Every structure is written in C-alpha cells, then in structure tokens.
Amino acid sequence: AAPVTASPAAAAASASAPVQKKAWGPAWGPAWGSSSAAAAAAATTVAPTPASVKKTEEAAQVAEEEHTEVSESSTRKCVQCGEETEMECKTCWGQGSSDCKSCGGSGKRPARGRCWDCSGSGSKNGIPRSCRTCRGKGSIAESTCAGCSGKGKVDCNSCKGGGGGICGRCQTTHRSEAKGKGKGKGKGKGKEGSSSDGTRGAFGRSRPSAGVSISPCGAGELSALRSLWNDREGAFGDGSQVEAAWIVDNPLLSYTYQNRREELKQYLGREPDEIQGFHGTAPANVLSISQNGFDSGRRAGQVYGSGEYFAMRPSISVGYCRGGEYMFVCRLCLGIQSSDMNNTDGDHIWVESNKYYVISEPSQILPQYIIKFRQNYYSSGSRTLDGDLLRVLALPKWSTKVEEVVTWIPRNRPCEMMMPKTNALWMGFLHANVDDDRLQADVIAFFKTHAAAYADGIRVHIASGKFKKAHVELQTEIPRNLVHDLNRRTFVENGQQRQICVDDAHGSPSQRCPRWIAGFCRGRNLRFTH
C-alpha cells in the first residue's frame with residue numbers, strides 16, 4: 001500500500017518518540033519489530049476512519065508539545081550559579097525525576113497479608129482495633145504510596161526537577177574551598193566555624209566542650225522509632241522489633257553538623273536534604289562513636305565506595321552488628337552525589353542495589369539514637385555483649401559533659417497565638433540558674449497580678465533544658481487578646497523585672513519550629529509538650 005504522507009506535527013512526534021521512550025501503540029502504525037509485509041497488510045486491510053484520524057492528529061499535537069518542552073529544556077542551567085551548562089544532574093542524569101524509592105515506581109505499596117505486629121487481630125494490649133501498623137484491620141492491604149502520592153515518580157532533590165547539574169567552574173571552586181579549609185595557623189576561617197579562631201559556627205554560637213549524655217527515650221520517641229523501623233522494612237520485614245532506645249546528646253557533634261549543614265546550604269543555594277539512616281556496628285564501638293563521632297581513619301572494607309555506610313532498611317544493618325543487638329539511628333545531611341565510587345567529586349554515594357548511603361564527610365553525620373532490637377528468627381550464634389555499654393545503658397542518665405551554669409537567656413519570641421482561646425500556655429525563656437520553686441511562685445504571682453480571673457486552679461510545671469520554661473495549664477480557657485496583652489506586662493523573675501513571652505502551648509498554624517535554637521528537634525515538637 002502507498003504510504004500516507006505525515007503532517008509536520010506527526011513527523012515531529014515520531015522524531016520525539018525515542019526521546020520520550022513511550023510506546024505510542026496502534027495509532028502510530030504497526031508495533032516495533034513487525035515485518036514490512038505485515039505492515040503493508042495491516043495498512044491495506046484497515047481503512048482509517050475520521051474518528052481515528054482525529055485521534056491521531058490530537059496525539060500528534062500532544063507529542064509535538066512534549067518534543068518542544070524537551071528541546072527547550074535541553075539548555076540547562078547550573079543549580080549553583082545559574083549559568084548555562086551542558087552538565088546533567090548526576091542524580092537523575094538530566095531526567096528531572098526518578099522512580100520513587102518507597103514503591104519502586106509502581107505508585108502502590110504492596111499488600112502484606114496478615115499484620116505481623118498484631119498477628120492479624122487488629123488489637124494491641126487488649127484494646128480492640130488499636131494496632132497502628134494495620135490501623136486495626138488485622139491485615140495490610142495494597143495502598144497508595146505516600147512518598148509519591150501514587151505517581152511513581154518524584155522530583156530529583158539535587159536539581160529540583162530541572163535536570164541541570166553543577167558546571168565545571170562551580171565544581172572546581174568547591175574542591176579548592178574544601179582543600180583550603182583548616183590549613184592556616186589561626187588566621188583563616190578554621191575548619192569548624194566561621195570566625196577567625198574557629199570558635200564560632202555558622203549560627204554565631206560558641207564551640208561547645210566535648211562531652212556526651214545518653215539517656216532512655218520517652219514513650220513518644222520510642223513509638224516514633226518503632227514506626228520508622230517498621231516503615232523502612234515494609235514488605236521485606238523479618239519480624240524484628242525495637243525493644244528499647246536511648247537519646248545520644250553530643251553538643252560538639254551537633255555543632256559540627258549544623259556548621260557543615262550551613263556550608264552546604266550556602267553552596268547549593270537551597271536547604272540540603274536530610275534523612276535518617278541505620279548504622280550497625282560491634283557493641284564495643286557504640287560508646288566511642290557516641291562520644292567522638294565517626295572516624296574516617298578507621299574505615300575498613302569500603303566495597304561500595306569510600307565513606308561511612310548507612311542503610312535505609314534496618315535489617316541490612318543488623319548484619320554489621322557482629323552478633324550484638326544495638327545499632328545507631330543517625331541523621332544524614334546530603335549535598336552533592338558523587339559520580340564514582342571514589343566519592344571525591346561529591347559527599348555521598350547512593351548504592352541502589354543494597355539501599356545504602358555512603359557518606360564521605362563525618363561532619364555530615366549526627367548520631368541521634370542507640371536502639372536495641374530483637375530478632376524473631378532463630379540464630380545459632382551467641383550474642384556479643386559489652387560490659388561497659390550495658391552498664392551505661394542501665395543508668396537513668398550517663399554523661400561526660402562538663403555542666404555549665406547558663407546565666408543568660410535569648411531575647412523573647414513574638415507571641416504567635418492565632419486560635420480564639422486556649423487552656424494551656426507556654427512561658428519562656430526563664431533563667432536556668434534560678435530555683436524551680438522560685439520560678440513557679442513567680443509565674444503564679446504574674447497571673448494573679450495581670451490575669452486574676454484565670455489564676456484559680458492553674459498548674460505550673462517548670463521544664464528544664466539549656467534554658468527553663470513554664471508550662472501552664474488553666475482551668476478556664478483564656479482569650480487570645482489577653483494572651484497577647486500578657487506579653488507586654490511586667491514579669492518579676494527572682495526579684496528582677498522583665499517581660500516574658502506567653503504563647504499558646506498547643507501551637508499555631510505555620511509557626512516556626514520552636515527548636516530552632518538547638519538546630520534540630522529529633523522529629524518532636526518539644527515546646528508544646530506539657
């Protein structure tokens with residue numbers, strides 16, 4: 001049969017087909033791989049109808065528009081300086097998106113059958129329909145992936161969906177800056193901070209002393225860690241569970257991490273990505289890592305590249321615990337993905353086959369928790385124990401910090417209460433060197449003076465941290481206008497007159513994270529717990 005002359009739109013569409021990697025289907029002619037004879041027979045036996053012609057032209061127009069978009073996006077811009085570059089994003093290789101890692105690009109979370117957490121009953125601790133894993137249904141059905149909202153694709157975090165990479169000039173600048181850090185004799189920037197002596201970091205805070213404290217997690221944090229473990233395991237879980245968890249609070253590591261994070265923010269021109277990863281190690285190494293962080297000089301193996309290894313799935317990290325039952329949950333800060341296993345032209349590698357992140361810079365790793373896990377399958381080997389670790393974890397709190405008396409407080413925050421009324425208030429900050437009983441009496445006297453109608457039956461709890469604050473529970477709800485007015489009233493603290501921030505303890509929509517002073521909150525909103 002004589003070939004039908006294609007319109008310019010159809011020609012452009014057919015030219016763009018290989019770029020888009022789409023199977024256009026019967027409307028575009030015989031399937032790929034069919035013989036020319038079969039194509040001729042199909043063309044002679046099937047006459048096109050007006051409806052099919054119209055449908056074909058509409059498809060051609062769509063294809064032409066997509067081809068135009070691809071052509072326009074071929075001129076990429078450096079994600080750092082904005083100049084035109086031919087470099088593609090090394091994370092998505094210029095595609096601007098990638099398959100969702102949570103669902104593998106399917107857009108669905110697979111059904112898992114009977115819930116392992118409640119053994120199919122839907123109940124926990126005798127409470128019907130209380131299992132959080134299956135939402136009380138007893139089984140886990142197929143659901144839409146929350147990571148990609150069912151689309152199967154997510155925008156690339158490195159290029160923000162644009163597909164552009166970092167130009168050669170910016171890469172050269174980045175390497176030269178990295179090599180020059182910390183090599184001076186006190187006159188330069190210093191490795192850890194932005195001041196001339198390296199004692200102040202990106203937020204103007206002084207460099208804290210070395211020291212760490214380890215204390216048991218509360219019920220809320222333990223529940224969040226169990227959810228993280230179960231969500232990461234997904235359909236691949238072997239039934240292992242989190243038994244207990246401890247908070248690792250190391251101010252010096254936090255300071256170093258936040259400074260590095262600020263450096264990456266300035267370099268990338270955006271907030272760097274942050275995730276949590278699991279790290280298994282021998283029990284004898286747990287206390288050392290908690291106190292000193294990760295040591296690049298002690299790396300061994302390095303099968304998938306140079307750096308510290310963090311798994312997305314905890315069951316992978318179990319194999320590195322060397323018979324122990326403890327592992328770390330660490331916060332990771334991601335900058336530029338390296339292009340090869342040497343991990344030299346970036347700061348991390350993503351190993352797709354094993355779901356590893358390999359982080360080259362120890363300053364981009366912050367140990368947050370030590371977790372104790374229990375495996376449900378039988379193991380013929382004996383458990384590996386460490387006496388020092390067991391003694392530390394058995395204590396209510398273990399600390400090597402040099403406690404400092406803080407005699408200053410930050411300036412008052414603005415009151416951001418938006419709800420018409422509330423029954424709980426947050427007051428702060430209060431001086432940490434003042435006795436709790438004295439502060440409690442001062443808060444009650446403040447209400448009796450400026451809000452006497454709401455002072456009866458109030459409960460005041462003084463919460464201690466680097467600074468103290470008061471959580472106030474009221475018997476009668478207090479209106480918003482009066483709360484804002486209290487911020488202008490005089491508060492007498494230990495005999496000294498000042499003003500204090502009074503705010504809704506339940507929080508307000510769009511309110512800034514209240515742990516901005518600490519730099520991180522471990523996923524909790526500690527300001528509003530009372």
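These legends accompany several close-up views of a predicted model.

**View 1. The largest nonpolar core and the residues that touch the most other members.** The largest nonpolar core of this predicted model holds 26 residues, among which Leu-425, Met-427, Val-443, Phe-447, Val-472, Ile-478 and Val-502 touch the most other members. At least two residues of this core come from each of strand S18 (421-430), helix H10 (436-450), strand S19 (459-463), strand S20 (468-479) and helix H11 (480-486). In soluble globular proteins, nonpolar side chains tend to be buried together.

View 2. When neighbours within four places in sequence are left aside, the contacts of Val-502 are Cys-415, Leu-425, Trp-426, Met-427, Phe-446, Val-483, Leu-486 and Asn-487.

**View 3. Gly-428 in strand S18.** Gly-428, which is found in strand S18, has a relative accessibility of 2% and therefore counts as buried, since buried means under 20% relative accessible area. Not counting residues up to four places away in sequence, Gly-428 touches Asn-412, Lys-469, Ile-500 and Cys-501. Although Gly-428 and Asp-503 are 75 residues apart in sequence, their C-alpha atoms are 9.0 Å apart in space.

View 4. Tyr-320 is partly exposed, with a relative accessible area of 43%, whereas Tyr-356 is buried, with a relative accessible area of 4%. Elsewhere in the model, one aromatic cluster is formed by Trp-408, Trp-426, Phe-429 and Phe-467.

**View 5. The salt bridge between Glu-271 and Arg-261.** The structure holds 17 salt bridges, and in one of them the side chains of Glu-271 and Arg-261 meet at 2.7 Å, N to O. Distant parts of the chain, 10 residues apart, are linked by this pair, since Arg-261 lies in helix H6 and Glu-271 in the loop between helix H6 (251-268) and strand S11 (273-280). With a relative accessible area of 16%, Arg-261 is buried, while Glu-271, at 37% relative accessibility, counts as partly exposed.

View 6. The side chains of Asp-485 and Arg-488 meet in a salt bridge at 3.5 Å, N to O; Asp-485 counts as buried at 18% relative accessibility, whereas Arg-488 counts as exposed at 55%. Arg-498 forms a salt bridge with Glu-493, and the closest N and O atoms of that pair are 2.7 Å apart. Here Arg-498 is buried, with a relative accessible area of 15%, and Glu-493 also counts as buried, at 3% relative accessibility.

Key. Residues numbered from 1 in each chain as written. Predicted model: local features only at pLDDT ≥ 70, side-chain atom pairs only at ≥ 80, totals over all residues. Heavy atoms only, no water. Core = buried A, V, L, I, M, F, W, Y, C linked by side-chain atoms within 4.5 Å. Buried < 20%, exposed > 50% of the residue type's maximum accessible area, 1.4 Å probe, protein only. Helix = DSSP H or I, 4+ residues; strand = E, 2+ residues; numbered from the N terminus. Contact = heavy atoms within 4.5 Å. Phe/Tyr/Trp six-rings, centres within 6.5 Å; stacked < 30°, edge-to-face > 60°. Salt bridge = Lys/Arg side-chain N within 4 Å of Asp/Glu carboxyl O.
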